[in-house]
Amino acid sequence: MTLFRQIAILFSIFIILVISSVMYLNFKSANDFIQNQLYTTSQDTATSLGLSLSMVIPEDNDLSTMQTMINAIFDRGYYESIILYDTKGKVLIENKNKLKVKGVPQWFIDKVKLNVPIAKSQVMAGWMPYGTIAVKVHSGLAYQQLWKIFIDILRTFAILVSLALLALYILLKIVLKPLEGVEKQAKAIMENNFIVQEKLPFTTEFRHVVIAMNKMVMKVKEIFEHEAALVKKYNDLLYKDQDTGIGNRKYFLLRLSSLLEHEDNKSNGTVVIFVINGFFEIKRAVEYEKLHSYVKEICNLLQNTTKDIEERVVARLKDAEFSVILPDTDYKKTKSIMEDFIAKAEKIKKETVGDFKNLFIVGGATYYSEKDNIKNILSRADFAISIAKMKNESFVEFHKMEKEPLPIKSGKQEWYRFLNDALNKNGIKLALQSVKNLDTKE
């Protein structure tokens, strides 16, 4: 249960108890007042009637006159009973009215006990007591008055409780609003969002909590940004080429592996590897700035010409070697993109390093599917590059998937691994042969 509900329930019970107590005391006071009024009315009637009857005491026990006087009072007033007793307690005259209350629920009559007092007054015959007159006012009128008071109290109670609970709700919302802000701050931190509450609450304790939370948020933000900067820096060092800003060889292999391991097993596309032919010869012939500008322009051109391909990958594998992965791209579309790239690359060459005939870009393109592996893809691309180099011009050769790969280790990666293993295992033997110079006869 939330703190808001706990406080709301506690204060609601307190308010209801306080108002209920006040209403109960008010109703009880009204009940006591009405009972006193009934007693006063009864006593006044009994006293007045007792004096009247004392003046008409019959000598021959003829009670008709007294009966007439009692009937007149009984019929004119609102009485439950008027009874005349003699000195021995014998009933001489008795008038009674059944208790019937209109407009008041029976449950109210049963629950609210109204003790209607019986007022008595002596009837004197000169100096001698003749009897006692007992008067009891009808309680129906009292119940009607109490019912009306009860309805008014209940209505007032409902209004006061509603207003008090509404005021309590608004007050708690205002007081506990900073806690909602603290909760939002905590949830936002989990989503790498950092919210600072600008408006501080007026409650001292909550103000301290909000200030402490704001400081913690700023500290966590500082730590997160620092760690994020470090991760970005390490990621750039690990997966980015420092000269051009595009991905490096590790990035290329990582993305290619990710595409081949696609969840729906429907990954396919084209991989193209480019080599700048004559790069190292030109490197000695031109300034570093010009060559660097040329390489960077080539990388930008690769990115621009392939930007329409979703999730395409552009990377620099070595100084003069680049690659591009074009997911979900067929032969026709890839060929169109490569032709556009080659044409624009020739213009960039002339604008940056000049017109060197031995400087041109050759590429090897190969298709891949989810059943492929990186080793075979790179071997096919290297083989396609070796064919493209025979053209002695900027050209991209497409390796046909339907053709079986050559049984020899034709790819550059395969030759590199093959020669490296041979050197490590002393698999290369040198043959020596003596040489004789015929001119010097040695």
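Residues are numbered from 1 along each chain as its sequence is written, and side-chain values use heavy atoms, leaving out hydrogens and water. Because the model is predicted, local features need pLDDT of at least 70 and side-chain atom pairs count only at pLDDT 80 or more, while totals for chains, interfaces and linings use all residues.

**Overall make-up**

The protein has 11 helices and nine strands. Both are DSSP runs numbered from the N terminus: helices are H or I with at least four residues, strands are E with at least two. Of the 442 residues, 36% are buried. Buried means under 20% relative accessible area, exposed means over 50%, and partly exposed lies in between (1.4 Å probe, protein chains only). The protein exposes about 28,600 Å², and carbon and sulfur atoms supply 57% of that area. Accessible areas come from the Shrake-Rupley method with a 1.4 Å probe; for residues, only the protein chains shown count as cover. Now take contacts, meaning heavy atoms within 4.5 Å. Among those between residues at least 6 apart in sequence, 69% join residues at least 24 apart.

**Salt bridges**

The whole structure holds eight salt bridges. Each one is a side-chain nitrogen of Lys or Arg within 4 Å of a carboxyl oxygen of Asp or Glu.

D152 is partly exposed at 31% relative accessibility, and R155 is partly exposed at 48%.

D86 lies in strand β1 (residues 79-86). D86 is buried yet has no salt bridge; K90, the nearest side chain of opposite charge, is 5.7 Å away. Here Lys and Arg count as positive and Asp and Glu as negative; His and the chain ends are not counted. Which backbone nitrogens lie by a polar atom of the D86 side chain? That of K88 is 3.0 Å away, and that of G89 is 2.8 Å away. Leaving out residues up to four places away in sequence, D86 touches L92, Y130 and G131.

E397, in strand β9 (residues 395-399), is also buried without a salt bridge, with K391 as the nearest side chain of opposite charge at 5.7 Å. Beyond four places in sequence, the residues E397 touches include G363, A384 and I387.

**Two positive phi angles**

E311 has phi near 60°, a positive value in a residue other than glycine. E311 sits in the loop between α8 (288-305) and β6 (313-318). Phi of D328 is near 55°, again positive in a residue other than glycine. D328 is in the loop between β7 (321-327) and α9 (331-352). E311 is partly exposed at 47% relative accessible area, and D328 is exposed at 61%.

Technical notes:
Polar contact = N/O pair within 3.5 Å; in protein donor to acceptor, adjacent residues only side chain to side chain.
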